[in-house]
Amino acid sequence: MAPPPPPILLHLLLLLLAAAAAADVSTALRFDYATLTLGSLRLLGDAHLKNGTIRLSRDLPVPNSGAGRALYATPVTLRNGFSTQFAFTVSTLNTDSVGGGLAFVLASDGVTLGDAGPYIGVSAASDVAVVEFDTLMDVQFGDVNGNHVGLDLGSMVSAAVADLDGVGVELTSGRAVNAWIEYSPKSGMEVFVSYSPKRPAEPVLSAPLDLGEYVKGDAFVGFSASTQGSTEMHAVEWWTFSTPSSPSKPSPRQVLDAVDARLGGEYDEGEMRRAMLVGLACSSPEPALRPGMRAVVQMLSGEADPPFVPAARPSMSFSANHQLLLSLQDSVSDYNALGLNELSDDSSSDSLSSSSLTSTLRKGGHDIAGFSSAAGDAAR
């Protein structure tokens with residue numbers, strides 16, 4: 001008689017069978033690196049894509065002052081709340097050259113680039129709310145030190161601030177820093193920061209906030225950063241963002257309606273939701289988007305957060321995958337470095353499609369086949 005299958009494999013098999021039943025779970029919006037493409041991002045100033053990461057500053061060996069901004073190209077509704085997680089690195093080519101920092105921004109428009117230097121690429125006029133990860137103490141803004149997180153509301157003087165020394169995180173260490181930002185009209189804004197990919201139990205910053213007082217319609221979400229006569233470099237290694245379902249359509253129990261009724265409700269809802277999300281992720285028709293066994297074990301055991309699951313089951317796609325799109329020729333940096341201020345005559349001046357970008361860069365002597373991608377290391 002053949003030996004019984006290992007418990008974890010049997011568990012996964014059952015989850016895969018249940019995945020189709022839960023595939024109609026929907027949220028107002030949800031995306032992450034697995035769904036981002038060149039067309040879904042707006043890159044301003046020094047922002048560019050390199051090796052599967054979003055770079056917000058240029059990799060220059062000499063000190064400079066500049067700003068970059070990367071936004072999700074479509075404005076989103078924020079008044080009902082949102083949740084975002086991202087991993088980023090701040091490093092310097094010269095350890096004595098520190099300045100600027102990185103910020104998560106909620107912007108009223110998608111075209112304004114904030115100022116360089118101490119402003120972290122933030123625009124007080126167009127950014128309705130900002131969570132700054134400041135790497136330099138600026139006396140003019142009342143900074144507590146050069147290693148803090150702050151909530152800015154229409155001013156670079158933070159409405160709430162937290163010293164990251166207290167949680168053992170050094171922003172300029174060059175290590176990947178994980179951040180979680182949760183907002184709801186009832187509980188306000190909470191920010192969690194850690195080197196670990198598992199969210200800490202307590203936030204480093206918590207502040208009451210009603211975004212309805214600052215933004216009346218939809219807003220753009222994304223990141224900004226700046227250098228301040230420095231060689232500081234800022235890279236977003238991972239990003240996931242979601243908003244809740246519309247209040248007029250109450251959220252179903254995020255996938256529990258698909259649980260086998262024969263269990264009679266005798267289970268832990270948190271563990272079951274985690275298991276169902278893992279099962280859905282494993283059933284993706286795109287092999288590259290399925291988590292590896294190591295990640296599955298970590299997620300099922302609670303060592304890592306559950307995976308991103310799109311609102312609807314994706315269909316098999318034979319187009320270029322997101323890793324290729326995210327690493328497509330250092331889009332803005334190479335484009336600027338070549339001194340190409342205009343697209344070729346047969347390209348649209350409104351956007352950099354993959355085909356026009358490819359054509360332009362090839363004219364500058366670059367070859368697509370020579371470029372590689374390495375996105376998502378922070379998520380594993």
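Tutor: Let us begin with Arg199, which lies over the face of Phe192, with 4.2 Å to the ring centre. Please keep in mind that the model is predicted. Arg199 also forms a salt bridge with Glu182, and the closest N and O atoms of this pair are 3.3 Å apart. Arg199 belongs to the loop between strand 12 (188-194) and strand 13 (205-207), whereas Glu182 belongs to strand 11 (residues 177-184), so the pair ties together parts that are 17 residues apart in sequence. With a relative accessible area of 36%, Arg199 is partly exposed. Glu182 is partly exposed as well, with a relative accessible area of 21%; this value falls outside the buried class because buried means under 20%.

Side chains of opposite charge can pair when their charged atoms come close. The count of salt bridges in this structure comes to four. One of them joins Asp127 to Arg69, with 2.7 Å between the closest N and O atoms. Asp127 lies in strand 8 (residues 127-134) and Arg69 in strand 5 (residues 67-72), so this pair ties together parts that are 58 residues apart in sequence. Asp127 counts as buried, at 3% relative accessibility, and Arg69 likewise counts as buried, at 0%.

Another salt bridge links Asp59 with Lys50, where the closest N and O atoms are 3.1 Å apart. Asp59 is partly exposed at 29% relative accessibility, and Lys50 is partly exposed at 24%. Salt bridges that share partners join Lys50, Arg55 and Asp59 into one network.

At one end of the order, strand 9 (residues 148-152) and strand 10 run antiparallel and are joined by four bridges. Within this part of the sheet, Gly150 stands opposite Val161 in strand 10.

The structure holds 14 aromatic pairs. One of them is formed by Phe86 and Phe104, whose rings are stacked, with 5.8 Å centre to centre and 15° between the planes. Phe86 is in strand 6 and Phe104 in strand 7, 18 residues apart, and the pair thus links distant parts of the chain. Both Phe86 and Phe104 are buried.

An edge-to-face arrangement is found in the pair of Tyr119 and Phe141, with 5.4 Å centre to centre and 70° between the planes. This pair also links distant parts of the chain, 22 residues apart: Tyr119 is in the loop between strand 7 and strand 8, and Phe141 is in the loop between strand 8 and strand 9. Tyr119 is partly exposed, with a relative accessible area of 30%, whereas Phe141 is buried, with a relative accessible area of 11%.

Phe86 and Phe104 also take part in a cluster linked by ring pairs, whose members include Phe31, Tyr72, Phe133, Tyr183 and Trp239.

Finally, consider a position in a loop. Asn94 is placed between strand 6 (82-92) and strand 7 (101-107). Its relative accessible area is 34%, and Asn94 is therefore partly exposed. Asn94 and Glu232 are 138 residues apart along the chain, and their C-alpha atoms are separated by 7.9 Å.

To return to your request, Arg199 takes part in two contacts described here: the position over the face of Phe192 and the salt bridge with Glu182.

Terms used:
Residues are numbered from 1 along each chain as its sequence is written. This is a predicted model: local features need pLDDT of at least 70, side-chain atom pairs count only at pLDDT 80 or more; totals for chains, interfaces and linings use all residues. Side-chain values use heavy atoms; hydrogens and water are left out. Helices (H or I, at least four residues) and strands (E, at least two) are DSSP runs, numbered from the N terminus. Buried means under 20% relative accessible area, exposed over 50%, partly exposed in between (1.4 Å probe, protein chains only). Two strands pair if DSSP finds at least two bridges between them. A salt bridge is a side-chain nitrogen of Lys or Arg within 4 Å of a carboxyl oxygen of Asp or Glu. Rings of Phe, Tyr and Trp (its six-membered ring) pair if their centres lie within 6.5 Å; planes under 30 degrees apart count as stacked, over 60 as edge-to-face and the rest as tilted. A charge sits over a ring if NZ of Lys or CZ of Arg is within 6 Å of the ring centre and within 35 degrees of the ring normal.
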